[in-house]
Amino acid sequence: MSQPSAPAVGILMGSESDMATMRRCAEVLDAYGIASELAVISAHRAPDLVRAYAMAARDRGLRVLVAGAGAAAHLPGVLASLTTLPVIGVPLAGTPLSGFDALLSIVQMPAGIPVATVAVGEMGARNAGHLAAQILGLSDPVIAAAIDRTRAAMREKVQLPEGFSRVHHPASPGG
Ligand code: AIR
């Protein structure tokens, strides 16, 4: 039996309540054949665990970290301060401010410690998976080819109306 491959992407989140959204990131990575691991490690409730995870990440073989958090969402920024692996931040929306709080907390990093911030909620979680794959694809032609196939499949679903080439486009209004 072949060994399962070691995770290349760590998907972290601030609470178990974030899991349903952040799983969408893991699903995208699975579809590219990229191994990932999911863990709940709150920057506020367990900062010691966040530190330990970030400091060990590179030696454990992780290449990219994805961190989702809601409210005062410090997890992506704290991780980014503790590792030079690329960190992708996902603002999550389960608060009275609908994720605007998390978006500003994650996106407004001071110069020198970047977090690549994606959209709020599930759309962002999925894009974090695509972006992590693109980062890994820089040095892995198998992943790069899988991304090309995924893009081609997306394009297939976009249809121009039948007879599009016969549609008249006036050069100027009234022309
Ligand atoms: N959170 C947890 N620790 C620090 C932060 N920012 C976030 C979680 C979750 C929100 O607080 O990421 O989105 C609410 O968490 P809970 O556990 O109360 O459901």
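User: What makes up the protein chain in terms of helices and strands?

Analyst: This is a predicted model, and its protein chain holds six helices and five strands. Starting at the N terminus, the elements run β-α-β-α-β-α-β-α-β-α-α.

User: How do you know that H6 reaches about what is expected for a helix of 16 residues?

Analyst: Helix H6 covers residues 141-156.

User: Why is H6 said to lie largely in the open?

Analyst: Being buried takes 20 or more other C-beta atoms within 10 Å of a residue's own. Of the 16 residues in H6, the number that is buried is one, so H6 lies largely in the open. For the protein chain, buried residues make up 37% of its 175 residues.

User: Why is H5 called oblique to H6?

Analyst: Happy to walk through that one. H5, residues 122-137, packs against H6 at about 135°, with the axes 8 Å apart. Roughly perpendicular ends at 115 degrees and roughly antiparallel needs over 145, so H5 counts as oblique to H6. The crossing in which H5 passes H6 is left-handed.

User: Which residues bring H5 and H6 together, and what classes do they belong to?

Analyst: On the H5 side they are Ala 133, Gln 134, Leu 136 and Gly 137, which meet Ile 143, Ala 144 and Ile 147 of H6. By class, this contact has five nonpolar, two polar and no charged residues. Gly is counted as polar here.

How values were computed. Residues numbered from 1 in each chain as written. Predicted model: local features only at pLDDT ≥ 70, side-chain atom pairs only at ≥ 80, totals over all residues. Helix = DSSP H or I, 4+ residues; strand = E, 2+ residues; numbered from the N terminus. Expected span 1.5 Å × (residues − 1). Buried ≥ 20, exposed ≤ 12 C-beta atoms within 10 Å, placed from the backbone. Axes fitted to C-alpha atoms, helices over the stretch in contact; angles between N-to-C directions. Parallel < 35°, antiparallel > 145°, perpendicular 65-115°, else oblique. Left-handed = near helix turned anticlockwise from the far one by under 90°. Contact = placed C-beta atoms within 7 Å.
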